[in-house]
Amino acid sequence: MWTQKSLSIFDCFKHVRFIRTCSPLKGARWSPDPRFIEQFSGVAVYTNEAIDKYYKVIWDSRVRPIERKLKNMWLNFGPQHPAAHGVLRLILELDGETVVRADPHIGFLHRATEKLMEHKHYTQSLPYVDRFDYVSTLANEQAFAMAVENLLNIEVPPRAKAIRVLCSELVRIGNHLLNVSGTILDAGGITPFFWMCEEREKIYELSERLCGARIHCAYVRPGGVSQDIPIGYLDDVHEFCAKLGERFDETEDITTGGRMYYARTAGIGVVEAHKALYHGFSGPMLRCSGVKWDLRIAFPYDNYDTYDFDVPVGSFGDSYDRHLLRLAEMRQSIRIINQVIDTMPEGAIRTDDSKVAFPLRAEMKMSMEALIHHFKLCTEGYVVPPGITYTAAECPKGELGFYMVADGTSKPYRVGVRSCSYNHLAGLSFLARKCMLADIAILIATIDIVFGDVDR
């Protein structure tokens, strides 16, 4: 017997899912005369052949209508596209504006540089190295010089090592300035691009004072550097670095804290740590995924272990993380440069082996042996004993490695280059998947590719 505290029958129905049934589907269906219905059998009163082919009137709701099948669009992104950062042909399969598949096609800039280096003397190969990553030339020269020095088994003076570190960090700042400002430009912001191009112009002026060339320097040589730094050079570098931090702060105020730039970069091109390791990523592309790997710390070269600096590491592995990581790396480069200026040693700038290093101009005017050495080094080069080496350096875009085989002559028997941008560009096939078409330009910009480095 129901009491006041018992549930009523209406309360019981509240805990039962209500299922609605359509009564016309259960009963008999009435229709008018079939002859009358026949004239309205199409989707329109006056049908044609195309309508009858693709459309069908469904009187029973349980039968699915026939749908048209649409094919995805294939689009060529480049090689003339301004956001392709070189002669990149990216074949995109689009479902609406969503990228289903991305196939990078390379080879439009192939110059056979590695084969050309096998037919040149070691010193004559140096200008070819400048043309790999022409945004960070001095870092490329540093890796090549270390590879030849390993084959020759010679030691570089401390002052030459410090000058190399100074030049490498300056071009690291210049590379990241171009990448960060170019990414902002691709996202729709133009003001930081002007700011950072002005700072890069100062780096080019410092490079011109150092060796006479703005971009293709050929300054770092096997055994040291070509010439000493000019008087007052370190003071100008210190003044440049002291004002550079303000530009970073201004750029971060506009872009890093802006919701528009965050919306364009956050979650775009996410790379996980295991995929980055599997595809051979290095540099900022690897560290943005949370892997702390830097050759300057893992395998220190040119006395990098004597300087105090940190390695920025990302958390999410997306384009926004890569933007933040490059900004942090530039601040660490300023930190290294200030330590180099404070601890610049005195002494020679090249090895004392006269069979490898070019003599000084003043010595050539006074010594016949020095003049003969200069003539022989320019015409025949220096003999490298037989051996094999793989030497890598932490360039701004990643790990640049040289695999060189010497056969006891003045020319390398085999040269293989492990470029920075090649593996990163190959990863574009899975990074671009499920991105929007407008995000491809941002993704290519944050990967930071240069086609002189890819095609070689």
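User: Hey, what's the volume of the largest cavity here?
Analyst: About 180 Å³. Keep in mind that this is a predicted model.

User: Thanks! How many residues line the largest cavity, and which lie nearest its centre?
Analyst: The lining has 20 residues. Nearest the centre are V171, I203, Y204, S207 and R214.

User: And which elements give two or more residues to that lining?
Analyst: Those are α7 (137-152), α8 (158-186) and α9 (191-211).

User: Which one gives the most?
Analyst: That would be α9, with six residues in the lining of the largest cavity.

User: How does that lining divide into nonpolar, polar and charged?
Analyst: For the largest cavity, 13 lining residues are nonpolar, five are polar and two are charged.

User: Switching topic: how many cavities of 30 Å³ or more are there?
Analyst: The count comes to two.

User: OK, what about the second largest cavity, how much space lies in there?
Analyst: About 40 Å³.

User: Which residues line it?
Analyst: The second largest cavity is lined by E169, R172, R296, F309, D310, P312, E329, Q332, S333 and I336. Two elements, α8 and α15 (319-342), each give two or more residues to that lining.

User: Where does the largest share of that lining come from?
Analyst: From α15, which provides four residues to the second largest cavity.

User: Nice. And how many of its lining residues are charged?
Analyst: Five are charged in the second largest cavity, alongside three nonpolar and two polar residues.

Note on methods. Residues are numbered from 1 along each chain as its sequence is written. This is a predicted model: local features need pLDDT of at least 70, side-chain atom pairs count only at pLDDT 80 or more; totals for chains, interfaces and linings use all residues. Side-chain values use heavy atoms; hydrogens and water are left out. On a 1 Å grid over the protein atoms alone, a cavity is a set of points where a 1.4 Å probe fits but cannot get out, and a pocket is an open set with protein on both sides within 12 Å along at least five of seven lines; lining residues have an atom within 4 Å of a point. Grid points are joined across faces, edges and corners, and a volume is the space filled by probe spheres set on the points. Ala, Val, Leu, Ile, Met, Phe, Trp, Tyr, Cys and Pro count as nonpolar, Asp, Glu, Lys and Arg as charged, and the others, Gly among them, as polar.
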